[in-house]
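Please read it with the structure open.

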Amino acid sequence: MNLLQNLGLGFSILADPMVILYSLIGVVCGVIIGALPGLGPSVGIAVLLPLCYGLSPACALCMLCGIYYGAMYGGSITAILINTPGDSAAIMTTLDGYPLARKGQAGKALGMACLASVIGGTISVVLFMTLAPIISNFATSFGPSEYFALMVLGLTSIAGMTGKSPAKGFLAAFLGLFVAGIGIDLVFGTPKFVFGNVNLYSGIDFVPVAMGLFGIAEIICNFENNNIKVEKDSLKLKKLLPNKEEWKRTLPHIGRGTILGFIVGMLPGAGATIASFLSYDMAKRTSKHKEEFGTGVVEGVAAPESANNAASMGAMVPMLTLGVPGSGATAIMMGALMMLGISPGPSFFLKNAEVAWGLVASMYLGNVILVLIGLGALGLFVKILNVKTTTMNALIFAFILMGAFALENSMFTVGVTLFFGIIGYFLKKLKVPAAPMVLALVLGALTETNLRQALIIDNNNFFKVLTHPISAVILVIALFLAFGTPIKNAFAKLRAKKKAA
Amino acid sequence: MKKLMALLLAAIMVFALTACGGDTPASTPAASGASTPAASESTGWVPTKDIEFVIPFGAGGGNDIMVRKMVEIIEKYKLCPVNVVPVNKKGGSGVVGYTYLKDYKAGYEYALASTSASFFTQPITGNSPFSPDTKDFSFVAHLVKDPSVICASKKWDFKTIDDIVKYAKENPGTLKWGGVGNASDDAILLYTLNTLADVQITYVPYDDQGMLTAAVLGGHIDLCSSSLAESVEHMKNGTMNTIAAIADNRLPDFPDLPTAVEQGYQLDHQQNRGIVMNPGVKDEVLAYYSGLFQKVAETEDWKTFVKENAMADAFMGYKEWTAYAEEVKEDYTTYLAMVPKD
Amino acid sequence: MKLKAKTGDLILAILSVIIGAVILILVKVQDLPMIKRDIMGPGFFPTICGIAIIVCGVLLFLETLTQSKKAAADENLKAEQEAKILNPRELKNLLFFLLLGVFVLVAYKFLGMLLCLFISVVVYLIFQGKEKWWKALIIGVGMTIFLYLIFVVFLKVPVPKGPLGF
């Protein structure tokens with residue numbers, strides 16, 4: 001079968017031990033960089049790019065893929081241990097990962113994050129392998145109106161994050177939506193809420209906001225010497241791997257998360273962050289234990305983690321088959337490939353079969369190495385928790401500020417992080433959930449941009465925008481998700497009343 | 001003690017890693033190149049401390065790649081006695097970078113910045129306090145021009161600009177032209193075409209090139225102009241129809257593609273990439289840098305790079321660039337006047 | 001600072017209404033029309049946000065009052081509402097981080113970022129962490145070296161330098 005032949009071709013490239021070595025280096029560097037607050041795969045790839053000069057394409061590719069994967073996992077390490085997501089895709093991981101750590105089950109959370117990432121990654125490599133050439137059309141079938149519908153769907157998942165008080169949840173969301181609008185208007189070039197400050201021209205990036213709202217707000221509240229006691233044997237391999245019961249609970253979520261993540265990741269611009277939001281929301285809705293989400297359940301870690309790794313893979317589809325990068329990290333990766341003399345695009349799989357399949361094979365390799373390192377080094381990661389709280393606070397503070405600076409080489413970003421850190425503290429005290437604010441910030445800009453573009457394309461006919469086939473389907477799903485439960489409840493009440501009558 | 005161990009372990013690990021990354025050049029911006037002065041023949045000024053090369057845009061972008069290539073060439077051929085350190089300072093479409101540059105005193109000899117179209121467009125649209133002329137900058141060298149191509153989605157049968165114009169005249173307001181930014185070269189191209197051909201093609205602004213390309217491929221957007229580098233693969237594979245080249249001459253890789261000018265439309269505006277410094281830099285300093293970049297432009301490495309990235313080599317020394325910049329500024333003022341405001 | 005949860009919520013509600021109103025005012029002041037040249041203008045989304053925030057504030061106000069009424073009967077709810085939300089130790093932490101953060105933002109130009117972070121960490125460790133001065137210094141130095149190696153050497157981030165060369 002042609003597929004197996006190609007795969008065999010790809011794997012033959014892996015036979016070279018140098019290739020494996022570089023993949024290992026890539027994964028390790030990726031994990032470290034991903035763990036640093038604020039830095040994600042894009043930075044990792046951009047930074048280690050110079051190391052690729054003079055390497056064979058196979059080595060370079062494997063290293064880059066390793067970095068990509070490692071960084072996706074690395075972000076979840078700090079998310080779980082210190083509630084500071086290493087990158088945007090790890091934000092959802094904090095919701096259940098951190099509570100798990102506080103309960104003394106950091107090992108389990110980290111283990112699940114690793115396994116879910118790898119399972120999600122591996123399945124999506126298979127999907128990529130078998131479907132890439134066929135489904136590349138899917139990536140281009142989304143125009144502004146379809147993206148708008150997708151964003152609306154994403155925003156409905158906010159409803160699932162509001163906790164006890166919907167008013168507070170939506171308040172956070174609309175504040176986030178407002179902050180998303182700060183900057184120079186895309187269509188007209190008018191400055192909006194910029195107050196003449198050059199640094200606000202491009203708007204406020206959500207990464208410093210997330211670091212502040214989650215990371216700094218958290219360290220302000222940590223003052224007791226309440227070291228999260230990690231039970232020694234929770235680190236034994238047996239305990240790290242989920243037990244039968246947990247596998248039963250999480251596998252379906254991992255499966256759904258992977259597929260969802262892969263599909264969303266394929267859409268240029270959507271990416272791992274949105275995939276992780278949607279996956280978490282879907283897991284919460286479909287779980288029999290939905291009330292437990294947010295208190296520390298492994299499903300809450302597995303779903304977003306599998307989705308974000310699957311999305312990374314999905315983003316490679318448009319990059320390799322169409323030459324259109326699916327996300328920031330793939331954009332840089334594409335630049336890297338071009339530097340190596342490989343031009344992704346419609347004829348990529350045909351012209352560069354060896355490289356293409358080598359790339360696929362290196363993805364598998366990356367996953368394998370990730371499992372080994374992820375689980376093996378867990379003991380090391382968790383040692384971090386034994387550090388005295390006040391010392392942790394100081395160190396985290398320094399790391400966050402440094403990471404904030406490194407994002408854009410600008411102290412302004414540091415200021416933004418600090419500002420939102422203070423606000424985050426008060427939001428925490430007032431029990432206003434921070435996740436909706438960040439989600440709205442991430443989606444808000446895309447929602448507004450795509451809606452306005454869609455309206456321009458459809459000549460201001462809003463109805464037409466809503467009724468593009470794909471958009472309509474997505475919007476109906478969104479409506480159902482948003483109002484389905486209340487309507488169902490209302491009907492149930494009505495029926496109960498009738499019975500009682 | 002435990003935490004000290006952890007810290008030490010981590011430090012050792014990092015040391016091991018930096019051993020990998022440590023031998024790339026310009027990794028220690030500390031001590032300057034104290035050794036012998038330049039190998040350049042020119043007498044006069046030579047740098048004695050490290051030079052900062054500000055890139056007012058993000059890593060991985062066109063400008064960034066270009067600057068880093070230049071720095072690489074300078075190091076490879078040892079064209080400069082000190083280190084040239086690239087520094088990204090993105091934000092505000094370049095304004096943050098130029099602000100950083102101007103934080104140094106006027107006439108400061110150790111900081112350069114690269115320019116793109118935004119260098120000219122931002123001040124004219126009122127989004128930058130720095131005017132693109134000798135009042136606010138000294139001009140060092142002009143390096144390349146960025147030709148672009150007009151592409152059409154495969155859902156149309158357009159082959160020439162005339163085809164597009166004909167359809168647009170019969171169906172005003174239906175064709176959609178996508179571009180990045182709202183006062184950018186893409187927008188300028190469209191509005192100039194609208195004026196020249198007296199048609200009404202609607203402009204749809206994007207902020208992400210990737211999404212724009214996907215939209216054209218998917219047929220959501222009918223037309224677009226992109227830099228050659230971004231369109232090359234699609235042109236070769238026929239996933240988009242190429243209509244015209246926006247360049248001074250036909251593109252070497254696509255000799256069958258007529259330029260817009262050849263098709264009868266005066267559309268030859270391209271993006272200029274150059275280098276500037278703070279205002280008031282002394283002539284001998286400018287001469288040094290101008291000479292330095294001229295040497296860079298003469299290397300085979302640079303020529304290959306320019307060709308691979310589908311740019312057009314158009315080196316100009318500081319005197320020429322200063323004069324040319326005036327022309328470019330005039331041009332942009334005229335063009336941007338065509339972009340509708342209130 | 002003693003602040004009950006109930007009072008906090010009410011203040012938040014009122015604050016929201018104010019913030020929403022400020023947004024709407026800014027939209028007018030900065031001249032951001034809802035419709036411009038026949039298409040959706042820059043003021044559309046911000047206006048919606050402003051209105052929504054005001055509405056959320058009002059809803060929150062009503063929600064808090066309803067909770068209050070319910071609390072009369074329910075002991076748990078009452079406890080929740082009367083709980084003091086601001087913790088003095090946390091506030092002290094807040095103050096420390098705020099001041100240290102501002103210090104870094106202001107002094108980085110003169111002392112370099114790494115030095116500022118070093119000072120911040122040492123100060124925090126001594127005053128909040130109650131560490132002995134030499135322990136604090138060791139931790140500070142270790143951390144600074146670590147940050148230097150990762151960010152300056154490995155990632156080549158142009159971290160603002162101070163008089164000591166880093």
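**Notes on sheets, salt bridges and one interface**

1. The side chains of B:K102 and B:D136 form a salt bridge, 3.9 Å from N to O. The term stands for a side-chain nitrogen of Lys or Arg within 4 Å of a carboxyl oxygen of Asp or Glu. B:K102 sits in helix α3 (residues 95–102) of chain B and B:D136 in the loop between α4 (117–124) and β4 of chain B, so the pair ties together parts that are 34 residues apart in sequence. Helices (H or I, at least four residues) and strands (E, at least two) are DSSP runs, numbered from the N terminus. B:K102 is partly exposed at 21% relative accessibility. B:D136 is buried at 10%. Here buried means under 20% relative accessible area, exposed over 50%, and partly exposed in between, with a 1.4 Å probe and protein chains only.

2. On the basis of the values: this is a predicted model, where local features need pLDDT of at least 70, side-chain atom pairs count only at pLDDT 80 or more, and totals for chains, interfaces and linings use all residues. Residues are numbered from 1 along each chain as its sequence is written, chains are lettered from A and ligands numbered from 1 in the order in which they are written, and side-chain values use heavy atoms, with hydrogens and water left out.

3. Chain B has a second pair to check. B:K69 and B:E72 form a salt bridge, with their closest N and O atoms 3.5 Å apart. Both lie in helix α2 of chain B, three residues apart, which means a separation of about one helical turn. B:K69 is buried, at a relative accessible area of 19%. B:E72 is partly exposed, at 26%.

4. Six strands of chain B form an open sheet in the order β2-β1-β3-β10-β4-β11, with mixed pairing. Two strands pair if DSSP finds at least two bridges between them. β2 (84–88) and β11 (312–316) of chain B are the edge strands; each has a single partner strand, so one side of each lacks a neighbour in the sheet. Neighbouring strands are turned by 20° against each other on average, direction ignored. Strand β4 (residues 138–146) of chain B runs antiparallel to β11(B), and three bridges join them. B:V144 is placed opposite B:D313 in β11(B).

5. Which helices lie across this sheet? Helix α2 (residues 62–76) of chain B lies across β1, β2, β3, β4 and β10 of chain B, at about 165° to β2(B). Helix α9 (residues 283–298) of chain B lies across β1, β3, β4, β10 and β11 of chain B, at about 20° to β4(B). Contact means heavy atoms within 4.5 Å. Axes are lines fitted to C-alpha atoms, for helices over the stretch in contact, and angles run from 0 to 180 degrees between N-to-C directions.

6. Chain B holds another open sheet, of five strands in the order β7-β6-β8-β5-β9, again with mixed pairing. β7 (202–206) and β9 (240–246) of chain B stand at the edges with a single partner strand each, so one side of each has no neighbour in the sheet. The twist averages 30° from one strand to the next. Strand β5 (residues 148–153) of chain B pairs with β9(B) in the antiparallel sense over six bridges. B:S153 is opposite B:M240 in β9(B). Helix α6 (residues 185–197) of chain B lies across β5, β6, β7, β8 and β9 of chain B, at about 150° to β6(B).

7. Over all chains, the structure has 22 salt bridges. One of them joins A:K428 and A:E218 at 2.8 Å, N to O. The pair links distant parts of the chain: A:K428 is in helix α19 (residues 411–429) and A:E218 in helix α9 (residues 206–221) of chain A, 210 residues apart. A:K428 is partly exposed at 34% relative accessibility, while A:E218 is buried at 4%. A network of salt bridges links A:D185, A:K192, A:E448 and A:R452.

8. Last, the interface of chain C and chain A. Chain C gives 65 residues to the contact and chain A 65 residues. The buried area is about 5800 Å², with 79% from carbon and sulfur atoms. Buried area is the accessible area (1.4 Å probe) that two parts lose on being put together, summed over both. C:F45, C:E90 and C:F97 supply 11% of what chain C buries against chain A, more than any other three residues. Two salt bridges cross this interface. C:E90 forms a salt bridge with A:K429, with closest N and O atoms 2.9 Å apart. On the side of chain C that touches chain A, the largest share, 13 residues, comes from α4(C).
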